[in-house]
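Thanks for coming, everyone. Let me put the structure up, and then I'll walk you through a few parts of it.

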Amino acid sequence: MLGLSYSAFSDRRTQYRSFVTGWHLLRVASALEVLVQGAMLVWLSFWVTVYFWDIYSIKLVTIAGIAVGLAAIHTVRCIFLRSRNDWTLEGEAITEATAPALWARVRHLAGRLQTAAPTHIVAGIDSNFFVTEAPLNLAGTVLHGRTLFISIPLLRLLDQHEADAVLSHELAHLQGGDAASSALLGPKLAQYDLYCRSMAGGGLTIMVYHLMAMYRVIFEIALMRDSREREFLADRLAAKLTSGKAIVQSLIKVAAYSHYRSQIEHKLFEQNQQHGVSLGIANYVASGLEPYAASPQFIEEMKSASVPHPFDSHPLLEERMRNVQHEVAEQEYSAIVTLAPTTSWANAIRNAHDIEQRLWAVYEQRFAANHEMHLAYRYGPANEAELAIVLKYFPPIAFNLKKGRQIVISYSGVTPPGQKEISWDSVSKTDYADAVLGSDALTVKHPEKGFFGAKQTKIKLPGLGKQKAHFKAAFAHYWTRHQAMRQEQRQEALLTKP
């Protein structure tokens, strides 16, 4: 494993081969390890009792054998699990008919880099540009081949020369084989991570998980180092096609827009009032970017700024400026961000405005829905309006037991059959006992101290049966909501405290 980890730092081709080799080697080794551990467990279940008490238990050996068998089956099943690699992209395809000049420019830049032009151009409202050769699900249609994603809001902020620098940078990733490498390695990494998560379940597979997780961490460090080198190389190639100045100015504008938009969305999400259907995020950002660039905190925040990207680990802005040998003083950042472009590639897309409107509408609707769900975790509730939101996501759930009895879980607590509700504030810890004979039982420990330690309530659950998994999940889910709500209230109290 250490040898393969070391080889991952050499070059990209060796990196891929080392990971594939490591993946095959470790899953075979992990399966053998589980079997060896299992054999030892069965052996010990016989010999320990013989050695200490001169007896052996067929029952104990049988239980150990069953546990080993289940662990072996679980390990083999996890090896053949398949992760879903269909990545859904939010955007709309830009045809050559709707943006002929843009397509011509992309092909021209690709030709200068001596690489094949993208098969697809997709426009969206995300705060980044990227290329990929992985299959993409776009509104139910799977795109194959090379795809270039462009951000319409960012294109409106960038001058054409600055946008050319960004496009050249992304096309340089295609020329260098970065996108092809990511498309090839991505599914392998996803499958490996899925296997690791499955093996982390405990029991005989937990020791295997730690070994595999260590290899994954080392490999990730190699990936991050390689990613930084890719970014520096792509910047240098783009600077040759355009200029170092264009690269740096585009980086400053993209970083500023991304950071400010993130701030706006964070403030909107932190509001304790329910949002309407239309939030106007685009207008907030467009109208507030210039004042933000003139604010005292702008320079300080830009010092640690990096450009967002879904596939690579981008270096800091200052490092990228040095890489293309065009450094800009911090005092000039504001003027660059507020400099309106004379020409924009966004204007070359005939339906750009309509695409933006449609995508923002969908994005804000989802934003409002996620915010509303988050409010359900924050509210006490304190009034009828808040109660309606809490009940929308946390309605009472009744679980049927024997003799027509029920146990009910709600946002306010748990109501055992025939008893008063136990509020979540009265729950400090719980213990669920799976009964071999008889019925399962839930023990609720309370914050109050009793004569023999913490007070507790034992709730018997006869007849829960197949509802057990659902009951456990619901109990944990509702209790977590209550704890999150109380934590929110404590934070608000600290903020409002004089």
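Let's start with a pair of strands. S4 and strand S7, residues 147-151, run antiparallel, and three bridges join them. One detail there: Val-131 has Leu-148 of S7 as its bridge partner. Keep in mind that this is a predicted model.

Now the whole sheet. It is open and has four strands, in the order S2-S3-S7-S4. The pairing is mixed. At the edges sit strand S2, 92-93, and strand S4, 130-132, and each of these pairs on one side only.

Next, the inside. Which residues touch the most other members of the largest nonpolar core? They are Ile-150 and Ile-252, out of 69 residues in that core. Helix H9, residues 244-270, supplies the largest share of this core, with 12 residues.

Stay with Ile-150 for a moment. Set aside its neighbours within four places in sequence. Its contacts then include Leu-102, Ile-121, Phe-129, Leu-167 and Ile-349. Gly-124 and Asn-128 are also among them.

Finally, the surface. A nonpolar patch there has about 1,200 Å² of accessible area together. Among its residues are Val-36, Trp-43, Trp-47, Val-48, Phe-52 and Ile-55. Take Val-48, which is found in helix H2, residues 12-53. Is Val-48 buried, partly exposed or exposed? Val-48 counts as partly exposed, because its relative accessibility is 33%.

That's the tour. Over to you for questions.

Technical notes. Residues numbered from 1 in each chain as written. Predicted model: local features only at pLDDT ≥ 70, side-chain atom pairs only at ≥ 80, totals over all residues. Heavy atoms only, no water. Pairing = 2+ DSSP bridges. Helix = DSSP H or I, 4+ residues; strand = E, 2+ residues; numbered from the N terminus. Patch = residues over 30% accessible without salt bridge, like charges linked within 9 Å, V, L, I, M, F, W, Y side chains within 5 Å. Areas by Shrake-Rupley, 256 points an atom, 1.4 Å probe, with all protein chains shown as cover. Salt bridge = Lys/Arg side-chain N within 4 Å of Asp/Glu carboxyl O. Buried < 20%, exposed > 50% of the residue type's maximum accessible area, 1.4 Å probe, protein only. Core = buried A, V, L, I, M, F, W, Y, C linked by side-chain atoms within 4.5 Å. Contact = heavy atoms within 4.5 Å.
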